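Please look through the sequence and the model below before reading on. The paragraphs that follow go from the overall fold to a few charged side chains.

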Amino acid sequence: MFFTRRRLLTLALASALTACTTTPSPVAAPQTPKLLVLVVIDGLPMRQVTGYRDQLSPDGFARFLDHGRWFADAHYGHGHTVTAAGHSVMLSGAYPQRTGIISNEWRNPDTGEQVYNTGDTDYKYIDSPTAPLAGTSPRNLKVETLGDVLRTRSPQSKVIGISGKDRGAILPAGHKGTAYMYMSETGRFASSTYYMQQHPQWVTDFNAARPADAFFKKTWAPLLPESAYARSVPDGQSWQVASGNGNRLPAVIGDKMDAPGPRFYGGLLASPFGDELTLAFARAAVKNEKLGQRGVQDLLSVSLSSHDYINHAFGPESRLSHDHTLHLDRHLQAFFQFLDKEVGAGNYVLALTADHGFTDTPEWAITQGRDAGRFNNPPSLLAVNTALSAKFGVERLARAFSASGLLLNDKLAAEKGLDFAAVQATAREELLKLPGVAAVFTREQLLGNDTTTPYLEAMRKSFDPTRAAQLQIVLKPNWIFSYRPGGSTHGSPYSYDTHVPLLFWGPGYVGQGEMKERAEVADLAPTLAAVAGLPAPAQAQGRDLKLKP
């Protein structure tokens, strides 16, 4: 189907409130849904959904809270809560200890070389430049996903993953699906040669219309009056990153630029317009691939990346993050109503979650009387190596920080005739002396069966012994691993990073009401499998939450 520029721009801008905001009434549903839809909000803590509930639109997040089944106490079970790890859990039901996706990137324990979670130099992006560590395939994912199960049983079924980030598209799509990711250099969406040699015509047409350019010089303005944001931290704080689109609203996207280019396309993701564009591409995929409309069951995963960029720059406590949550809510409403019309409200099931939560910015936390701070890797590595050198007479026994741990050079220790256990013990002692460090677990502890030591079990679920560093670090509450002076991040086993939305909607499929029992995101894949009439992925560690009414 050929898309005109006018129609594509209409799709990209279709996230405004529509005249109809009433959630469809329950209808008689088929025995199994024709389409499974997973929506992921990158970096959205559950506290932001419930904290702004009084300001939500009638049919965005409220569709789940008022008319669906949702879990108020849903968490990740693993300790290193980052984007790739979370996305690997959602549709596999397995923790990173099994998926092998222990972080966004890590060091090869044998060589010390950097590994990117979806990096694979055998494949390239289609019609787009491919950086050396670009995410192009699911090769590093060790387990099957729900989409893989679906396509094994029904090869004619389609599984499509879409995201502003490569890892947000590739990991949920699994090994047998198709992933499309946003190219921040060009404003296009692209797949890779792992999936196909050339794009379908509809993707080519979508990109040819340059829908990202429609947002050039567009203003991100607060959605509500100033008084509505009294519960959030005002703009322009010294700890809020001022690069990119600035740290105050209203903000003009592409301000002081002459024309759209890589800096504009990259900055678009850190605004509500990045979500609009991603959902426009998702609409095009549903329409042109006829998802849920071909007599077979399909699966669509859409991971929206903008909230993560905003929380990293300004912190989840900020007005900018608060306002973005409300814009996102309106975009979701429009997308859900599109699905109602295109697929049919009784023909699909929605699930919504996040890949991790978020820590408050340390500087803000300090003003609230909390012990908080930033753990800086380079000086910390120097401190450990200095102590190791003084004791053992060998330089650089600690190679680098890798994911959530410190990678020691066991080969060098062996070459020098050193007792590696002694080297590891000394490194652990030095780490524990550093500001902000709460615990350091050894490889032996992580491979053991102690379930009483705080945070050890969570870190064990993040530990793949073939990929992870020997020493795994847990910082104190409100402390973050940081490479810059401003903004915030995530990655801890604390509830502000693990507590995320786990929301379901589908009349006739999942029932209604708030569930107060604790659930885990690892339960998502077995639960959706049961709803869809499929077996759970083989390596799944989660459980079926038994949503069928």
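This is a predicted model: local features need pLDDT of at least 70, side-chain atom pairs count only at pLDDT 80 or more; totals for chains, interfaces and linings use all residues.

Taken along the principal axes, the box that the C-alpha atoms fill is roughly 70 × 50 × 45 Å.

The contacts tell how the chain is folded onto itself: among those between residues at least 6 apart in sequence, 74% join residues at least 24 apart.

We can now turn to charge. The protein carries 54 positive and 51 negative side chains, and the centres of these two sets lie 3 Å apart. Side chains of opposite charge can pair when their charged atoms come close. The structure holds 26 salt bridges, and a few of them are followed here.

Which residue forms a salt bridge with aspartate 42? The partner is lysine 165, with 3.0 Å between the closest N and O atoms. This pair links distant parts of the chain, 123 residues apart, since lysine 165 sits in the loop between β5 (159-163) and α7 (166-173), while aspartate 42 sits in the loop between β1 (35-41) and α2 (46-51). Both of these residues are buried.

Lysine 165 also forms a salt bridge with aspartate 308, where the closest N and O atoms are 2.8 Å apart. Here too the pair links distant parts of the chain, with aspartate 308 in helix α11 (residues 306-314) and lysine 165 in the loop between β5 and α7, 143 residues apart. Buried means under 20% relative accessible area; aspartate 308 therefore counts as buried at 3% relative accessibility, and lysine 165 counts as buried at 7%.

Another pair can be set beside these: the side chains of glutamate 514 and lysine 516 meet in a salt bridge, at 3.0 Å from N to O. Is this pair's lysine 516 buried or exposed? At 64% relative accessibility, lysine 516 counts as exposed, and glutamate 514, with a relative accessible area of 37%, is partly exposed.

Terms used
Residues are numbered from 1 along each chain as its sequence is written. Side-chain values use heavy atoms; hydrogens and water are left out. Contact means heavy atoms within 4.5 Å. Lys and Arg count as positive and Asp and Glu as negative; His and the chain ends are not counted. The place of a charge is taken as NZ of Lys, CZ of Arg, CG of Asp or CD of Glu. A salt bridge is a side-chain nitrogen of Lys or Arg within 4 Å of a carboxyl oxygen of Asp or Glu. Helices (H or I, at least four residues) and strands (E, at least two) are DSSP runs, numbered from the N terminus. Buried means under 20% relative accessible area, exposed over 50%, partly exposed in between (1.4 Å probe, protein chains only).
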